[in-house]
Each structure stands twice: as structure tokens, then as C-alpha cells.
Amino acid sequence: GRPIGRRVILSVLALGAVGVVTGRSVSDALAKVAEHDPTGLLNILPFGGNFRYYSVTGSVPVADPATYRLAVTGLVERERRYSLSDLAALPQTDIVADFQCVTGWRVPDVPWGGVRLSAILAASGVKPGARALRFVSFDGVYTESLTLDQARDPEMIVALRMLGGAVTHDHGGPVRLYAAPMYGYKSIKWLSEIQLVDRVEPGYWEGFGYAVDGWVGASNGRNDAPTT
């Protein structure tokens, strides 16, 4: 975006302080302003009920919906490469659940839609030696994992829709994982490949000390209320 000056930064920090001191009603109002903030600075402040946008890389390429493919590879009977229309043609499921970040913020009652991860596995056929899934982002860096049992949970979905529309690029689109019972870092954005593997391979943030089994309220030393 456009360069911003010291005065703007100080003003944003002052607004954040106001939100903390005055409570949720003001914080929620400021969160609505943050949705249209051209600088993106408001997303770093502790407002309630809005998403923060994170990437572990400097930038992420925008996928062309016409050429995007989700690959399913590894220990499967049939490798697959799904276009967006292929995914949309599979049985769809919709859930409404909170999104909880391990850093503490939560977005309540988010509508999600897409294909159950278990249906993707069934379509490819899982070989006997498979024990886990490894997920790869097309940002070129981020990975995540689930055990095979976790992946078959009905609230693990390959998300095509959220917040009443298609998953946007900022939210990790055109396709992302939504691991409903787990902290947000397990819900890998910009999903490009699902690999069936013989053991859990810890993901990006697990290398920095995050729990491999990132259940909300039962991991990472946190006691947040469950999201489902």
C-alpha cells in the first residue's frame, strides 16, 4: 500500500488502547473499521471478532481459479488433481464454528463450506501403510499435518467457502483447510497438495514449539473454550 507516517502509526496504537480500556463494544466497532483499513495496521491490534491476516512469507502468489489444482498424492490407490469445479461437484457440507488462533483472538460463528476431508480420502483410497496426512501450501513454505484418524473427523473440511462467499486470497483461497476443533495454525491456507504419508511430519509452526495435536483448549498450554 501507500507509505504511511509516524502520526498514522501513533494514532492507530492510540485507537487500540482505547479499545482495550473501554471494553468489547468499542473494540467490536473498531474491528468493523479495520475491515476497510487500507494500511492493514488495524489488524495487528487486539480488537474482538475479526480475522488477522498472517503469512510466513513476504508474499503469496495469487492462484488462477482456471488453472488451480489440488493434488492428492502419496500412499493412495488413485492420485488425484482436483480443479475448483471438480471440488464443487463433490458432496458439500456446511458448518458454523468459531475460528480460534493460538495467540488468543477468536472469530465467533464463522460459516464454512466445502468437502469433508474424509470424502477426499475415500475418493483416492488410502493404502494400508498410510498413518498421517501432510499438507502443503503454495506459498512455498508452510506445511501442516494430521493423523489419519484426525483427518476423518467430520469437522475437518477442505474449505471452498467462508463468510458467505468463496474463500478469498487473503483468507487462504481459493482452497484452504479448516480443522474446526483445532487452533488456526492447523487450518493451512493456500492449500496445494495433500500427501498421504507413513508418519506424522510436524508442520511449520511445530518447528517453533507449537503442539502437533493442536486441539483448542487442550494444547499449547491454553484453556480456550472448544470451537465446536
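Which residues of helix α4 are buried? Before you select them, note that this is a predicted model, where local features need pLDDT of at least 70, side-chain atom pairs count only at pLDDT 80 or more, and totals for chains, interfaces and linings use all residues. Residues are numbered from 1 along each chain as its sequence is written, and side-chain values use heavy atoms, leaving out hydrogens and water.

**Stop one: helix α4.** Select residues 117-124 and pick out L117, I120, L121 and S124, the buried ones. Buried means under 20% relative accessible area, exposed over 50%, and partly exposed in between (1.4 Å probe, protein chains only). These four lie on the same side of α4, because they cover an arc of only 100° around the axis; the arc is that of the directions from the helix axis to the C-beta atoms. Helices (H or I, at least four residues) and strands (E, at least two) are DSSP runs, numbered from the N terminus. Step on to G125, which follows α4 and has a positive phi, near 80°.

**Stop two: aromatic rings.** The whole structure holds 12 aromatic pairs. Rings of Phe, Tyr and Trp (its six-membered ring) pair if their centres lie within 6.5 Å; planes under 30 degrees apart are stacked, over 60 edge-to-face, and the rest tilted. Select F51 and F99, a tilted pair with 5.3 Å centre to centre and 50° between the planes. F51 sits in the loop between α2 (24-34) and β1 (70-74), while F99 is in strand β3 (residues 93-100), 48 residues apart. Both F51 and F99 are buried.
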